[in-house]
Number of protein chains: 2
Amino acid sequence: MKAMKVLAVAGSLRRASINAAFCRALVQLGPGRVIASEHPGRLPLFNPDLEAEPPAAVGDWRAAVQAADVLLLASPEYAHGISGVMKNALDWLVSFEGFVDKPVALVNTSPRAHHAYESLQEVLRTMNARLLRQSSISLPLLGGCVTETAMVADASVRAAMQGLLRTLDAELTGMADVGPSVQW
Amino acid sequence: MKAMKVLAVAGSLRRASINAAFCRALVQLGPGRVIASEHPGRLPLFNPDLEAEPPAAVGDWRAAVQAADVLLLASPEYAHGISGVMKNALDWLVSFEGFVDKPVALVNTSPRAHHAYESLQEVLRTMNARLLRQSSISLPLLGGCVTETAMVADASVRAAMQGLLRTLDAELTGMADVGPSVQW
């Protein structure tokens, strides 16, 4: 089974962000195949007038998305909504041809929160992403297990993350056979 | 009846944005009492680590919000979601004491779109804003009437906007009597 290239994207710029730590921990567990994206924090605010000649940071973000086999989005929920940082990054992809049919998995590290998670699903469906159901997981990381080091050290969290990487490979490979029917 | 100070906030940075044109047209119809906010486009991406000593643009945005009697939000819908620009501006207000109980009206200039409008309601309720039901309107402006000049020149649109300003005054004044029961 081919190991797929994963771009792991956190929706928070907080230094101690659990979602960002999750993305970095995944890089440790999938060396060479998972990249923790720093792009959302470098993007300008979305302006449709700049689409024709997008700023360099937008070009970098789109190139990284295009190069990845799958995007893994880990967004916090702010006031029952998608974080502005994550939505802004997605807004820059709405008219980007390279995003159409892009496989996307969602990770919810705060399972008590569901509004942002559901809004993200609606937005991604509208953007014609290919939502990966089996690879979209809730993983309660609140409490002690909030740093990259703690996540990798915790046997059950590490097992869940390794399982996620296997499921991603399986779902993506399976998808090649069954086509769009695995879309949500 | 006291005329209230309105801060009209568009959620798009597009130069030809209908929502921004709506806000500027409202300034023409309510001279001295309506301000079209330029703040969302000047804000950095939200970062909770900067809350303690927020950048100047954030301080300006919060001061403008605090000084207004009411916020009028006109956001486009991008991919069935709130624009990242608008959500980012709101994210900077989540922990801002001056936003609690702030009266907010929503204007939907694309009535066929409803996802972003509903998401905005959920977010604002969660932020303890005071949503103004009567002053939240749908105003179909697609078609010919997409510039500030055209909106002010069009008798029915002008009447709708003048009616909105009257309703805002009435709802805000009434609110002082009836208290939180007019919240959504």
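In the predicted model, B:Ala8 touches B:Cys23, B:Leu26, B:Val34, B:Ile35, B:Ala36, B:Ser37, B:Leu72 and B:Ala74, leaving aside residues up to four places away in sequence; two residues are in contact if their C-beta atoms, placed from the backbone, lie within 7 Å. Residues are numbered from 1 along each chain as its sequence is written, and chains are lettered from A in the order in which they are written. Local features need pLDDT of at least 70 and side-chain atom pairs count only at pLDDT 80 or more, while totals for chains, interfaces and linings use all residues.

B:Ala8 is also among the residues with the most contacts inside the largest nonpolar core, together with A:Ala8, A:Phe22, A:Leu72, B:Phe22 and B:Leu72. This core has 110 residues. A nonpolar core is a set of buried Ala, Val, Leu, Ile, Met, Phe, Trp, Tyr and Cys residues joined through C-beta atoms within 7 Å; a residue is buried if 20 or more other C-beta atoms lie within 10 Å of its own.

Strand β6 of chain A (residues 103-108) has 6 of its 6 residues buried. Both faces are covered, with A:Pro103, A:Ala105 and A:Val107 on one side and A:Val104, A:Leu106 and A:Asn108 on the other. Helices (H or I, at least four residues) and strands (E, at least two) are DSSP runs, numbered from the N terminus. Strands pair if DSSP finds at least two bridges between them. β3(A) (residues 70-74) runs parallel to β6(A) and is joined to it by 4 bridges, with A:Leu73 partnering A:Leu106. β7(A) (residues 130-131) pairs with β6(A) in the parallel sense over 2 bridges, and A:Val104 has A:Leu131 as its bridge partner. β8(A) (residues 137-138) is likewise parallel to β6(A), through 2 bridges; here A:Val107 stands opposite A:Ile137.

The contact between the chains takes 28 residues from chain A and 28 residues from chain B. On the side of chain A, β5 (81-82), α3 (84-91) and α4 (115-126) each supply at least two residues, and α3(A) gives the most, with 6 residues.

Superposed by least squares on the C-alpha atoms of residues with pLDDT of at least 70 in both copies, chain A can be laid on chain B with an RMSD of 0.0 Å by a turn of 180° and a shift of 0.0 Å along the axis. That is the relation of a two-fold axis. The same surface serves both copies, as 100% of the contact residues of chain A recur in chain B. Of the residues of chain A, A:Gly84 comes closest to the rotation axis, at 2.4 Å (C-alpha).

Key: A residue is buried if 20 or more other C-beta atoms lie within 10 Å of its own, exposed if 12 or fewer, and partly exposed in between; C-beta atoms are placed from the backbone.
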